[in-house]
Amino acid sequence: MTRVLFVCLGNICRSPLAEGVFRHHVVQAGLTGAFEIDSAGTGGWHVGESPDRRSVKVAQKHGIDISRQRARKFVEADLERYDEVFAMDRSNLVNIERLATATSSARVGLFLDESDGPRGAEVPDPYYGGRDGFDDVFGMVDAASAALLQRLRGDR
Ligand code: 4NP
């Protein structure tokens, strides 16, 4: 069992989409039972909320239902429970690393570093932008999800 956690700021736009898209890749590969997948936010403003309707919509456009996911706050214990913790941007990464302790065992990194693009690339926060931002985010998390699954399967 591999445990994977996606983290952004609010857990309503980017990381819920990453969770849903990566789960979709896992299901398509017939590997459902081999993974535990979740997402969380470093900020707590939206705890308990559904994903932003723009994220729900772009996922739906690609046949993925994320509407039943609910936002939660990232906690220190996540760094022990999860094997892989993926930050959407460098600010999220700093906030995650601030909570690390001697018992933190997770491998922590930027999600887009799984993709072939330049190292250190970020998934931009689409919250205050238009709908195009969400299409762009979808493309980024879809490519990174495919690459991550390949790596975790030992294909690369
Ligand atoms: P997310 O986007 O981090 O991708 O979920 C945001 C959602 C809400 C806020 C910021 C970013 N906010 O400040 O409420």
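Biologist: Which residues have the most contacts inside the largest nonpolar core?
Modeller: In this predicted model, Phe6, Leu17, Phe22 and Phe111 have the most contacts inside the largest nonpolar core, which has 30 residues. Such a core is a set of buried Ala, Val, Leu, Ile, Met, Phe, Trp, Tyr and Cys residues joined through side-chain atoms within 4.5 Å, where buried means under 20% relative accessible area, exposed over 50% and partly exposed in between, with a 1.4 Å probe and protein chains only.

Biologist: And which elements supply at least two residues of this core each?
Modeller: Those are β1 (2-8), α1, β2, α2 (53-61) and α5, and α5 gives the largest share, seven residues. The helices (H or I, at least four residues) and strands (E, at least two) are DSSP runs numbered from the N terminus.

Biologist: What should I keep in mind about the numbering and the cut-offs?
Modeller: Residues are numbered from 1 along each chain as its sequence is written, and side-chain values use heavy atoms, with hydrogens and water left out. Because the model is predicted, local features need pLDDT of at least 70 and side-chain atom pairs count only at pLDDT 80 or more, while totals for chains, interfaces and linings use all residues.

Biologist: Switching to charges, how many salt bridges are there?
Modeller: The search of the whole structure finds 16 salt bridges, each being a side-chain nitrogen of Lys or Arg within 4 Å of a carboxyl oxygen of Asp or Glu. One of them joins Arg14 to Asp125, with the closest N and O atoms 4.0 Å apart. That pair links distant parts of the chain, since Arg14 is in helix α1 (residues 14-28) and Asp125 is in the loop between β4 (107-110) and α5 (131-152), 111 residues apart.

Biologist: Which residues are linked in a network of salt bridges?
Modeller: Glu84, Arg107, Glu114 and Arg151 are linked in that way.

Biologist: New topic, how many disulfides does the search find?
Modeller: It finds zero disulfides in the whole structure, a disulfide being a pair of cysteine sulfur atoms within 2.5 Å. Cys8 is in none, and its nearest cysteine sulfur, that of Cys13, is 7.0 Å away. Cys8 counts as buried at 2% relative accessibility, and Cys13 is buried too, with a relative accessible area of 5%.

Biologist: Last one, how much space lies in the largest pocket?
Modeller: The largest pocket holds about 160 Å³, and of the 13 residues that line it, Leu9, Gly10, His46, Asp125 and Tyr127 are the closest to its centre. On a 1 Å grid over the protein atoms alone, a pocket is an open set of points where a 1.4 Å probe fits, with protein on both sides within 12 Å along at least five of seven lines, and lining residues have an atom within 4 Å of a point. The volume is the space filled by probe spheres set on the points, which are joined across faces, edges and corners.
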